[in-house]
Amino acid sequence: PNGKIAGSSPARRQQQLPNGKIAGIFGSPSSHELLAQTSKRLHRRRSKGSVGAEEVQLNARSPRTDNERSPDPTYQDHSYPSPSGPSVRDNRDINEPPMITDEHIVEFITDVEGNWEYLINFVSQSKILDWIGGPRGVWGPGELAIHRNGILVFGGDAPDKGPGDIRIIKILTKLKLEYPSQVFIILGNRDLMKMRFLAELDEVDENLDDPWLPTWEKQPRTLSDFLEKEGLEKNWIGKLRWMLECNMGCQGGTFSTRKDELAHLYGTATDEDVLISYTESVNPASEDPWMLEFLRIGVIALVLGDTLFVHGGLQDESAGHVPGCSSKYNKVQDWATALNAWKDRELSEFEQIPYWTFDKHGKKTRGGAALIQYGTPGAGKQTVIYYNPFDNGNPVKRTEKVRKFLDESGIKCLITGHQPHGQTPTVVRHMDTGLLAITADTSRSDSKGSKVFNPLNNRGLAISIVRLQGDHVFIEGVSNDGEKHACKLNRRHPSKDAMPDALVGRQLISNAWVKTVVERNGEKMVIVALGEGFNVTVEAMRIQRACLNLRGEYREGGDFDVSFQKINPHELRRSTKKKDDSGFEALADASVVVQASYQNFDGVALKAFEEAQTYVFAFNGVLMDPETDVGQKIIDNINRLITNQKRAVFITNDSTMSRKSFLHKLTNEFDIDILQSVHSVATLKSQGTSSNATVEEKKDVLQRLCVITSAYTCAWYCKQHGKIKKPFVITHGTGLLEELKLAGIKHYFATVDEDGNPKKEFSEPASLAAIEGIVKQAPGVDAILVGWDHRLSALTVAVAENFIRWNEELYDETGGKEGGILPIITCSSDLDAMIGRTSADFLVPSFQNRKVRAMGNGMMANAVCQRTGMMHSHIPIDVGKPSQILQEHLRRDPKHGGLGVDFGRSVMVGDNLEADVKLANECGMKSLLVLSGVTCREMLEREEGTDRMPTWVIDSFANVYP
C-alpha cells in the first residue's frame with residue numbers, strides 16, 4: 001500500500017492448482033501469464049526483524065552531486081532500481097561516453113564475482129569512490145558516491161563466487177543510474193549466463209528427464225549423473241545446482257553462498273528462496289529484476305578516449321565483428337556502438353520471449369539466444385567476452401591484425417578482465433604500435449585466503465587498481481603478504497617511461513613477463529612471472545638482471561644497457577621464487593618452465609628439430625674422438641646441417657681454449673665445415689673480407705661470430721666491468737691469457753707463464769714463505785679469475801684467499817681508502833668435467849670404455865669462496881654456461897659484440913643438464929640432450945627440476961641421422 005516492497009527473495013507461497021501442480025515462477029501448465037499475475041504476490045515478504053530488513057524503494061532517485069549527503073545520518077533508504085520506476089530504456093544516452101580530459105581519473109575494477117569484501121577493499125584504495133551517509137548494516141558502510149572527476153569502469157563478471165552477488169550488482173546498478181556519464185558496466189560471461197534461468201528452469205517446456213544441454217559443452221555432465229553422485233532429488237532445485245556447477249562455470253559452493261547472502265539480508269533462507277532469487281532476478285515480470293536491470297545498463301565494448309574496454313579481449317575473428325552483420329567494422333568506435341546496439345536488441349528480444357519457443361524450422365530456441373551464446377565458448381573466436389589472452393598461463397601478444405585494427409582507430413590501451421594471472425594485473429607491450437594490453441583479473445590471488453565469510457574466496461587480501469589519468473596508466477595495489485606494488489606507464493608515449501617502470505610489460509628470454517615494481521629494503525625491484533595453467537611462479541628480480549634478460553625486441557624503446565662496473569654479483573644469480581597463487585601447486589625451482597618432461601628423439605622430433613635455424617653445440621661430451629666411427633658420424637651430421645644452410649655455433653666451458661684455438665680445433669682436428677656455411681660466407685661478405693683472404697684471415701673474422709669459450713666471456717666481462725686491470729689468474733694453458741690480452745687487460749698475474757707452463761713457485765707446499773713470496777710479486781691484484789686449472793694446489797687456493805682477506809682487512813682499517821672486496825670470477829660453475837673415456841683395451845677389463853671425470857671449474861671456484869666465506873659472503877660471478885653473462889653475449893647484436901642468436905629459432909645440443917639444458921630453458925631455446933657425456937639415463941630419470949628438463953633425448957648426436 002505504501003508503494004514499497006520488502007526484500008528481493010521472498011519465501012515461496014504456493015498455490016495448489018486443479019491438476020495438482022504448484023503455481024510459481026515456473027509458470028502454469030496452461031500459460032506463462034500466471035507468472036505475471038502471481039509474481040507480485042509471491043515476491044512480497046516482510047523480514048521478521050532481521051538486520052537486513054531495510055525496504056527497497058521503487059523509485060530510483062535523481063542523480064546527486066558529489067557534495068550531497070543524506071540529511072539524516074541514520075538514513076536507511078535503499079533506492080535500488082525497479083521496472084516500476086524509471087528504467088534505463090527511458091534514457092538512451094545512459095552509456096554515451098564523455099569527452100575524456102586530463103583531469104579525469106578512470107578506475108577499472110573487474111571480475112569481483114560475488115566477493116563483497118573485495119569490493120570493500122577496492123573502495124578503500126580508490127581515489128574516486130567514497131562511502132557516504134550513515135551505516136547501512138549488511139548493505140555496507142554507507143552509500144557509494146563518485147567524485148566529480150571520477151569515472152568507474154566495471155569490467156564484467158559481477159556474480160557467482162561469494163555471498164555478495166545481490167549487494168554488488170544492486171550497488172553498481174544504483175551508482176550507474178545516479179551517475180550515468182561516470183559509471184560504465186561491461187558485461188561478462190557470468191553476467192549474461194543468468195539469462196538462461198527462466199527457460200531452463202521452466203516447469204512447462206523443460207523436462208527434468210531430458211533437460212536441454214548447452215551446445216558449447218564438449219563433454220557435458222548429465223543431470224542424472226550429477227544428482228546421483230551428489231545424492232540430490234530430481235527437482236528444480238537439483239537442476240539449478242547442476243546448472244551452476246556443471247555448465248555455468250561456477251564452483252561447487254555457489255548455491256550455498258547465494259543462500260548465505262539471502263539469510264544475511266533477510267534473516268532466513270531456504271533452498272526454494274535461492275531458486276526464486278535466481279529466476280526472479282532476470283524475470284521481466286518480476287517487481288525487482290535486479291539482474292536483468294544490470295544487463296540493461298551494461299555494454300559489451302566501451303571506448304573512453306584512446307582506451308578500449310571489453311571483458312575478454314580481441315582476436316582476428318572478433319575485432320570489428322558484430323553478430324548478424326555480413327561485413328566487419330573498420331573503426332573501433334563504430335564497431336563498439338554497433339555491438340552494443342546488437343546487445344540491446346538481443347536483450348529486448350529476451351524480455352519478450354524469455355522461455356522456450358520454436359522457430360520456423362521447429363528448432364527449440366528463446367529470446368536473446370545469440371547473446372547468451374556470445375558469452376560462451378559456443379561463440380568460438382567471434383566473441384570479445386569469452387576469450388583467453390594467455391597460452392598455458394602466459395600472456396601472448398595481440399595479433400598483427402588486432403594491433404592494426406586498434407592502431408588505425410587511435411586506441412593505445414586495451415583493458416580487459418576474464419582470465420586471472422596472479423596477484424597483479426598483467427601488461428603486454430607491443431613495440432610496433434605502442435599498444436598496452438592490460439589483463440586485470442586477479443580473482444585467483446590466493447586460494448588459501450580466509451574462508452570465514454566466503455567459502456569460495458580465492459583472492460585473499462590482494463587488491464589491485466588500474467587507473468588512467470592524462471597520458472598515464474597507473475597500476476597499484478597490495479599483495480597478500482601486505483607488500484605494495486606500483487608502476488606508472490605512459491600509454492601515449494611509451495619511450496618516456498622511467499626505469500624501472502619501463503620494464504613492465506616486457507618479456508624476458510626465459511618467456512617470463514615483467515608484471516610490476518616493488519620496493520624492498522630501499523631498492524626497487526621488478527616482479528616477473530611465468531605461468532603454467534593457473535599456476536603462476538613469481539620472482540623478485542633486480543633491475544639490471546632484468547635488463548640483461550630482456551628479449552631482443554623488448555630492448556627497444558628504453559635504455560636497458562647494463563653497466564657491468566656497477567652490477568652486483570647477487571644480480572647474476574637466481575633470486576628467490578614463490579608461488580603467486582598459494583594453493584595451486586607451483587613447480588619447484590621454476591621461475592622458468594619450458595619442459596615438464598622430455599621426449600625421446602624420433603622421426604617426429606627430427607621434423608621439429610630441423611625447423612630451427614641455429615644450432616648451438618656444446619663441445620665436450622657432444623663431439624667424440626674424430627678417429628672413431630661414432631666421432632666421425634657426429635661430424636657428418638653436424639656438417640649435414642651446415643650444408644642445409646643452418647647456422648652452427650659452438651660453445652665450451654673449457655677456459656684453456658681461446659676462441660682462436662677452439663675454432664682451429666673444430667676446423668682442423670674435427671673437419672667441421674664452419675668456413676663453408678652460408679652464414680659464414682654472408683658474415684665474411686658483410687665484414688668486407690676479401691674473397692682472396694687466407695683461411696687464417698677468415699678464421700679471425702668468424703671466431704667472433706661462430707664460437708664462444710668461457711675464457712673469452714671472462715675477458716669480455718672484465719673489460720665491461722671497467723675496473724679490473726690486474727687480476728690474479730688461476731688457469732692452465734694460454735687460452736684465458738690470450739683473451740685477456742685481446743681485451744686490453746695485460747697486467748695480470750697468473751699461475752702459468754706466457755707459454756702456458758706452470759710457474760715453479762706454485763708447485764711448492766703451502767707455507768708462510770711461499771705465500772709471502774708470491775703475494776709480493778703482485779700486491780695490486782684487484783680481482784680473482786678462476787679458470788680450469790689441471791694442477792690446482794693448496795698453495796694456489798691459499799694465495800687467492802690471502803689476496804681477498806688482506807684487501808678486506810685493509811679496507812676496514814683505512815675506512816675504505818685502500819683495499820676492498822675483490823670480485824671472484826669463475827669461468828664455469830661445472831662441479832665435474834668429463835675428460836674422456838677409458839680405452840676399449842684398458843688393462844682392467846671391467847673398467848673399459850668408461851667415462852673419465854675430473855674436478856670441474858666450479859668446484860675449484862668453490863674452494864676459493866669457501867675459504868674466504870668466514871668474513872664475507874663471497875659469491876663467484878659465473879661467466880660460463882648457463883650464466884647470464886654468456887646468455888647476454890649469445891643474444892647481443894653483432895654490432896655490439898654479441899653473436900645475435902635468435903633463441904626462439906634455435907636448438908641447444910649438449911650433454912649437461914645444469915650447463916646446457918638449463919641454458920636452453922632459460923633462454924627459451926629447445927634442447928637436445930645427448931647421453932654421450934656427463935649425463936646418463938639414470939641421472940635424467942632422477943632429475944626433478946623442470947628448468948633442467950630437455951626437449952628431446954638421444955644416446956649420441958651420431959643417431960640424429962642414422
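Trainee: Is phenylalanine 619 buried or exposed?
Mentor: Phenylalanine 619 counts as buried, because its relative accessibility is 8%. Buried means under 20% relative accessible area, exposed means over 50%, and partly exposed is in between, with a 1.4 Å probe and protein chains only. Before we continue, note that this is a predicted model, in which local features need pLDDT of at least 70 and side-chain atom pairs count only at pLDDT 80 or more, while totals for chains, interfaces and linings use all residues. Residues are numbered from 1 along each chain as its sequence is written, and side-chain values use heavy atoms, with hydrogens and water left out.

Trainee: How many aromatic pairs are there?
Mentor: The structure holds 21 aromatic pairs. Rings of Phe, Tyr and Trp (its six-membered ring) pair if their centres lie within 6.5 Å; planes under 30 degrees apart count as stacked, over 60 as edge-to-face and the rest as tilted. One of the pairs joins phenylalanine 609 to tryptophan 952 in an edge-to-face arrangement, with 6.1 Å centre to centre and 75° between the planes.

Trainee: Where do phenylalanine 609 and tryptophan 952 lie?
Mentor: Phenylalanine 609 is in helix H15 (residues 603–609) and tryptophan 952 is in strand S40 (residues 952–954), so the pair ties together parts that are 343 residues apart in sequence. Helices (H or I, at least four residues) and strands (E, at least two) are DSSP runs, numbered from the N terminus. Phenylalanine 609 and tryptophan 952 are both buried.

Trainee: And which geometry do phenylalanine 619 and phenylalanine 670 adopt?
Mentor: Phenylalanine 619 and phenylalanine 670 form an edge-to-face aromatic pair, 5.6 Å centre to centre and with 80° between the planes. This pair links distant parts of the chain, 51 residues apart: phenylalanine 619 is in the loop between strand S28 (614–618) and helix H16 (629–643), and phenylalanine 670 is in the loop between helix H17 (659–669) and helix H18 (678–686). Phenylalanine 670 counts as buried because its relative accessibility is 8%.

Trainee: Which residues do ring pairs link into a cluster?
Mentor: The cluster consists of Phe601, Phe609, Tyr615, Phe617, Phe650, Trp952 and Phe957.

Trainee: What sits over the ring of tyrosine 278?
Mentor: The charged end of arginine 258 does, at 4.0 Å from the ring centre. A charge sits over a ring if NZ of Lys or CZ of Arg is within 6 Å of the ring centre and within 35 degrees of the ring normal. Arginine 640 likewise lies over the face of tyrosine 961, 3.8 Å from the ring centre.

Trainee: Changing topic, how many salt bridges are there?
Mentor: The structure holds 42 salt bridges, each being a side-chain nitrogen of Lys or Arg within 4 Å of a carboxyl oxygen of Asp or Glu. One of them joins the side chains of lysine 259 and aspartate 271 (2.9 Å, N to O). It links helix H8 (residues 254–266), which holds lysine 259, with helix H9 (residues 271–280), which holds aspartate 271. Lysine 259 is partly exposed at 28% relative accessible area, and aspartate 271 is partly exposed at 26%.

Trainee: What about arginine 429 and aspartate 497?
Mentor: Their side chains meet in a salt bridge (2.8 Å, N to O). Arginine 429 counts as buried at 3% relative accessibility, and aspartate 497 is buried with a relative accessible area of 10%.

Trainee: How far apart are lysine 665 and glutamate 669 in helix H17?
Mentor: They are four residues apart, so about one helical turn separates them. Their salt bridge has its closest N and O atoms 3.5 Å apart.

Trainee: Which residues are linked in a network of salt bridges?
Mentor: Glu113, Asp157, Asp160, Lys161, Arg190 and Lys194 are.

Trainee: Finally, how many disulfides are there?
Mentor: There are zero disulfides, a disulfide being a pair of cysteine sulfur atoms within 2.5 Å. For cysteine 714, the closest cysteine sulfur is in cysteine 827, 4.1 Å away, which is too far for a bond. Cysteine 714 counts as buried at 0% relative accessibility.
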